[in-house]
Amino acid sequence: MKITVNGEAKQYEQAVVTVADLLVLEQVASPEMVSVQQNGDFVATEQFETTLIHDGDEIDFLFFMGGGSIPDFSNI
Amino acid sequence: MDLTEQQIERYSRHILLQQVGYEGQLKIAQGKVLIIGAGGLGAPAALYLAAAGVGTIGIIDADVVDITNLQRQVIHHTPDIGVPKVTSAANKIAEINPDVRVIQYHSWFNPDNALQIISDYDFIIDGTDNFPTKFLINDACVMVGKAFSHGGILRFEGQTFTHIPGTACYRCIFPKVPPKNLVPTCSQAGVLGSIAGMLGTIQATEALKYILGIGDLLTNKLLVFNALNMQFRTVPVKKNDNCPVCGTNPSITELVMEEQAVCELKTK
Ligand SMILES: [Zn+2]
């Protein structure tokens, strides 16, 4: 199956059936740390297991990223 | 308001730009930008916005400068260790450009002060490293219809997008705060210092474009880059109808700090 993942054309030997399968193949440790777009539409985390992936789909993984100043809530 | 002869000279490289000019420089001089977090992202953003002549720069941060900050928070220098970050930043801005009025908030951005503080500004820069505050900035800006720039950096990567009313917000992309300790922060995983400069200056550029009303902002798209291979990618993102704050049936109607652990720490 051919899928474009994060802009890169990829060929999978394995059967990629659902978004959850692709997360495993792409070694995304936890589904809670990634936001997934399928052909430009967001897939809700609860639907990763049931959302089917089709040949030619464009999938984007968007990851959480922090920033510049270190959090310290001790003196709020 | 007019520019003095000295100001015309100081900003001549802006004024030469067809898209800026004298009128544009006046807009910059009347612009008000709030920088939340005077850290890795806020530092370069503040330096460039000050040099550009932004009339009012607000800086909110409750921290003091620490030796581990100096590797990337370029507005703070070695003699500033132990000094409040807002004071250190205000001092540098005054040296760079006495035209700029700096408003210091030596506190954390929280649900009680959020709306009142942002209401005084045209554009907000998210320079924080913790997710509860990032979500709070998003929610506050969406609720009062303010433009802001989101920024995140980690290790060798960065990501940013700009929100203006009606475009995709942070929760359209990430509906809720990630579980604690699942996503590392710079203080846990490290970050190449210059990445902060790359991203903070993109955020400053978005603020200037917004004030000037020129070009295309990073709205409805997330810019992600990886400095190891120097690949930049812009991922189109859509406003999400199911978004908990800007969707058709929002579940978030008042400001809260979302992470449990933060609330526990607060009471100690
Ligand atoms: Zn939204």
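Predicted model: local features only at pLDDT ≥ 70, side-chain atom pairs only at ≥ 80, totals over all residues.
In chain B, eight strands make up an open sheet of mixed pairing, with the order E3-E2-E1-E4-E5-E6-E7-E8. Strand E3 (101-105) and E8 of chain B lie at the edges with a single partner strand each, so one side of each has no neighbour in the sheet. From one strand to the next, the twist averages 15°. Six bridges join strand E7 (residues 221-226) of chain B to E8(B) in the antiparallel sense; Phe225(B) has Phe232(B), in E8(B), as its bridge partner. Helix H4 (residues 42-52) of chain B packs on the sheet and touches strand E1 (32-36), strand E2 (56-60) and strand E4 (123-126) of chain B, its direction making about 160° with that of E1(B). Helix H5 (residues 85-96) of chain B also packs on the sheet, where it touches E2 and E3 of chain B, and its direction makes about 175° with that of E3(B).

The contact between the chains involves 49 residues from chain B and 26 residues from chain A. About 3,100 Å² is buried between them, 63% of it from carbon and sulfur atoms. Of the area that chain B buries against chain A, 19% comes from Trp108(B), Phe174(B) and Arg233(B), more than from any other three residues. Two salt bridges are found across the interface. In a salt bridge, the side chain of Arg233(B) meets that of Asp60(A) at 2.9 Å, N to O. Six residue pairs are in polar contact across the interface. Among the elements of chain B that each supply at least two residues to the side touching chain A are strand E5 (147-154), strand E6 (157-163) and strand E8 (231-236). The residues of that side comprise 22 nonpolar, 16 polar and eleven charged.

Conventions
Residues numbered from 1 in each chain as written. Chains lettered and ligands numbered in written order. Heavy atoms only, no water. Contact = heavy atoms within 4.5 Å. Buried area = accessible area lost by both parts, 1.4 Å probe. Salt bridge = Lys/Arg side-chain N within 4 Å of Asp/Glu carboxyl O. Polar contact = N/O pair within 3.5 Å; in protein donor to acceptor, adjacent residues only side chain to side chain. Helix = DSSP H or I, 4+ residues; strand = E, 2+ residues; numbered from the N terminus. Nonpolar A, V, L, I, M, F, W, Y, C, P; charged D, E, K, R; others polar. Pairing = 2+ DSSP bridges. Axes fitted to C-alpha atoms, helices over the stretch in contact; angles between N-to-C directions.
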